[in-house]
Every structure is written in structure tokens, then in C-alpha cells.
Amino acid sequence: MKTYLVGGAVRDRLLGQVPGDSDWVVVGATPEQMVREGFAPVGKDFPVFLHPRTKEEHALARTERKTAPGYRGFVFHADQTVTLEQDLARRDFTVNAIAQDADGTLVDPFGGAADVQARVLRHVSPAFAEDPVRILRAARFLARFAPLGFTVAPETLALMRDMVAAGEVDHLVAERVWQELKKALEMPRPSAAIALLRACGALARLMPEVDALYGVPQRPEYHPEVDTGVHTQMVLDMAARLAPGDALVGFCALTHDLGKALTPAHELPRHIGHEHSGVRPLRALCARYKVPAEFAAVAELCCREHLNIHRLAELRPDTVHDLLARCDGFRKPERIRQLALVCEADKRGRLGLGESDYPPGPMLLALHAAALSVSAGHAVAIGLTGTAVGDWLRKARIEAIRQARG
């Protein structure tokens, strides 16, 4: 029985980063032996155990065999005869197929350490093609590691294209797609994930609403980058910069301009009413992947209201009040902060505007704070009841907004 540190913890140490969770593989042991040693079994599909003291996961070395389409179509085999090299061979990328023994010696049969140095994501073996989730994982890893200079090996990209052409991504279940997309949106360069999915053809199959944005022109005086798909990628990365690790803001950034793909050709490069036409494809995307209700709701209000926020200085106090109410900003004030962030990302996610100021952002927060300072309690204190409370509250909040404007 011998234990090795494997996967991401080894990779991150080679990158000079603080490792996250530590995963371990155990070679030469049986499940019964693990239990006798005090490990608690937790694996459903294959033998995984929690260390009695550290509670870190320890998995018996295993192999796998493809038996059906999709990422669930595998049979796993684990016993004392499975070697460390056989276990590493079933992993996705060479940088994740490195093990380290107790004295720090690396076991690296697939050249993962060299690929860490070269900043390359490369598949371990042709078995990569058997699991479509690995396409999503490649996108997520690239969103995380692109700032370090990582790229996908050409042969791996070619294999991913073949997987898409073979229909493997069509077998992905909605929950897993959302899980991986959410993780990618939490990374420092989410645009890299979207660009990779598009490069291998998976974006058109998984999120055609987003894929359709590429090649759609915008007015160059407002969008020097012109291409709506390029703009969306820039907004994604700006959102990651303004709200690091916030997948909700990232999802809103990804979907705020979906309506531009529906603009009639004769209206291009203008996009009249795209903030309203984008609601339907957004709802379709959210329904397909069972997007959490709060993500879907905030994304919809960002899609619908972002142009209003850009021209906030032009809106009347009563219009501002009604916008805040439409966003449920009095019951859920956090939504207004999220809306401000997404709109700032939209404005600054344009060629040459990355360092520009966005006055509507702090203005929106100030006007919202002024309106929030007036509560129903004030109306009750002066003896109002029933519908009169709501009428008074709206008028008082509008006046607070007017005064906050100065």
C-alpha cells in the first residue's frame, strides 16, 4: 500500500501557486484494508475514502472503460493490481497526470511537468475523446490559466473538434454544463473558455444564442471592436476584473447583448430594441441549463435595463424610481449593485475603453441609496394606512432621488 499526491495539487505547486484541495491515490490496497486503517468510504461509483484525520479524499488506483455515450458511460475497475501509471493514464490533461510520493519525487509518465513549464494543456491519451465533460473542463482550465500564458495543444483542439463532430457534447446533461460554465465564469479570464468552446464547435451546440453574436457588427463610434462576439468576450473579462470570482455578474455579462444576434440585417449595425429582444433567447438558455432563479432574474434585468443605466443622467427622477422598482431593488438591494457592475463592464469592455470612468455606476448607487433612505415606517409614523402608504412612499422616494441629484 503506497499513497501519492496527484492532480491539481501537484500541478499548482509546480506553477508556484497555493494548492487547493489535496487528492490522493492509493496503490496496492483493498477497500477492506482502507477501512481497517480507519478510512471512511464515500465513493458511490468507485472506491473513495476520507482520511481519518485530514478528511482528504483518497481513491484507490483505478482504470476505466467506455461503455456508452456521454460522460456517465464508464465502467471503473479498481483492485490491488492497478498501477499508478495506469491510474494516471485515465486522466484528462498531462498537467493533471503527475503524482508526487512522500519524499517529493515526481512520477510523471506523460510529460506533465514539461507541459506545465511550456504552459500547454495537452490530452493524456486518445481516451480523452470518450468523455465530453473534458471539453468543458478544458474551457474552465483555460479560463483559469490563460493569464499565465497557457494555450491548448493543437492536437488536443483537433481532438475536441472531432468529439463535437461525433455528437459527444449532445449527451451532456444540463446540470453538468451549468456546473462547468459557472466555474469558468468564476475564473480570471472567462473569455478564454468561450473562445475555446467556439474554436472546437461546442459553443454552437451548447449555447447557440452566444455563438450567434460572432460576426454581428456594431456601430464603430460606440464599439471600436465592432464584432458583438468580441465585445461579449471583452465584457466578460472586464466583469471578472470588476467582480473577481462572481459567477452571477459573469453570467449577466455573457448574456446582456443576446438580442443583437436577432437584429434584422437591414438595421445593422444599429441594434434598435436589442435590450428587449434579448430576453427571449436568454430565457431559453436559462431554461435549457436549469440556471438558478436568481442568476436568471438578474441576467434578465441587466439585459433589459443596461441601456437605461448608460443614459441614467437623462432619466427623470420618477423614471429612475420605477427602474429601481422593476429591478426589485427595494426588496433586494444587492441587485442594483450587480446591475451597476454589469453595466460598467459593458461600457468598459470595448476597444480602447478599458481604463475609462463610468459615471452612471456610482450615480445609480447614490440614487438607490437615497431612495432606500425612505421607508414605509416613515409613512406609518405620520398616520398613513393602506394604499396611502404606497402612494406616499413612491412620492417621497422620487423626491429623495431628485434631491440626491442636486
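Is glutamate 399 buried, partly exposed or exposed? Glutamate 399 counts as partly exposed, because its relative accessibility is 32% and the partly exposed class lies between buried (under 20% relative accessible area) and exposed (over 50%), using a 1.4 Å probe and protein chains only.

## The model and its numbering

This is a predicted model, in which local features need pLDDT of at least 70 and side-chain atom pairs count only at pLDDT 80 or more, while totals for chains, interfaces and linings use all residues. Residues are numbered from 1 along each chain as its sequence is written, and side-chain values use heavy atoms, with hydrogens and water left out.

## The chain as a whole

The chain has 406 residues, and 50% of them count as buried. Its C-alpha atoms fill a box of roughly 80 × 55 × 40 Å, taken along the principal axes. The secondary structure comes to 20 helices and eleven strands. Helices (H or I, at least four residues) and strands (E, at least two) are DSSP runs, numbered from the N terminus.

A contact means heavy atoms within 4.5 Å. Take the contacts in the chain with a separation of 6 or more: residues 24 or more positions apart account for 65% of them.

## The sheet

Seven strands form an open sheet with mixed pairing. Their order is β3-β4-β5-β2-β1-β8-β9. The edge strands are β3 (40–41) and β9 (106–107), and each pairs on one side only. Two strands pair if DSSP finds at least two bridges between them.

Strands β4 (residues 48–50) and β5 (residues 57–60) run antiparallel and are joined by three bridges. Which residue of β5 is the bridge partner of valine 48? The partner is alanine 59.

## Nonpolar cores

A nonpolar core is a set of buried Ala, Val, Leu, Ile, Met, Phe, Trp, Tyr and Cys residues joined through side-chain atoms within 4.5 Å. The largest one holds 95 residues. Ile135, Met207, Phe251, Tyr289 and Leu339 touch the most other members. Helix α5 (residues 133–145) gives the largest share of this core, nine residues.

Now look at leucine 339. Leave aside its neighbours within four places in sequence. Leucine 339 is then in contact with Leu301, Cys302, Ile309, Leu323, Cys327 and Leu364.

## Salt bridges

A salt bridge is a side-chain nitrogen of Lys or Arg within 4 Å of a carboxyl oxygen of Asp or Glu. The whole structure holds 30 of them. One joins the side chains of glutamate 180 and arginine 140, at 2.7 Å from N to O. Glutamate 180 lies in helix α7 (residues 174–185) and arginine 140 in helix α5, so the pair ties together parts that are 40 residues apart in sequence. Both residues are buried.

Another salt bridge links arginine 316 and aspartate 318, with the closest N and O atoms 3.1 Å apart. Arginine 316 is exposed, at 52% relative accessibility. Aspartate 318 is partly exposed, with a relative accessible area of 24%. Back in helix α20 (residues 387–405), glutamate 399 and arginine 402 are three residues apart, so about one helical turn separates them. Their side chains meet in a salt bridge of 2.9 Å, N to O. Arginine 402 is partly exposed, with a relative accessible area of 43%.

## A network around arginine 11

Arg11, Asp12 and Arg144 are linked in a network of salt bridges. Arginine 11 lies in helix α1 (residues 8–14). At 5% relative accessibility, arginine 11 counts as buried. Beyond its neighbours within four places in sequence, arginine 11 is in contact with Val95, Asn96, Val116, Phe141, Arg144 and Phe145.

## Cavities

On a 1 Å grid over the protein atoms alone, a cavity is a set of points where a 1.4 Å probe fits but cannot get out, and lining residues have an atom within 4 Å of a point. Grid points are joined across faces, edges and corners, and a volume is the space filled by probe spheres set on the points. The structure holds two cavities of 30 Å³ or more.

The largest cavity has a volume of about 80 Å³. Arg140 and Glu180 are among its lining residues, as are Leu136, Val177 and Met207. Helices α5, α7 and α8 (190–200) each supply at least two residues of this lining. Helix α7 gives the most, with four residues.

Key: On a 1 Å grid over the protein atoms alone, a cavity is a set of points where a 1.4 Å probe fits but cannot get out, and a pocket is an open set with protein on both sides within 12 Å along at least five of seven lines; lining residues have an atom within 4 Å of a point.
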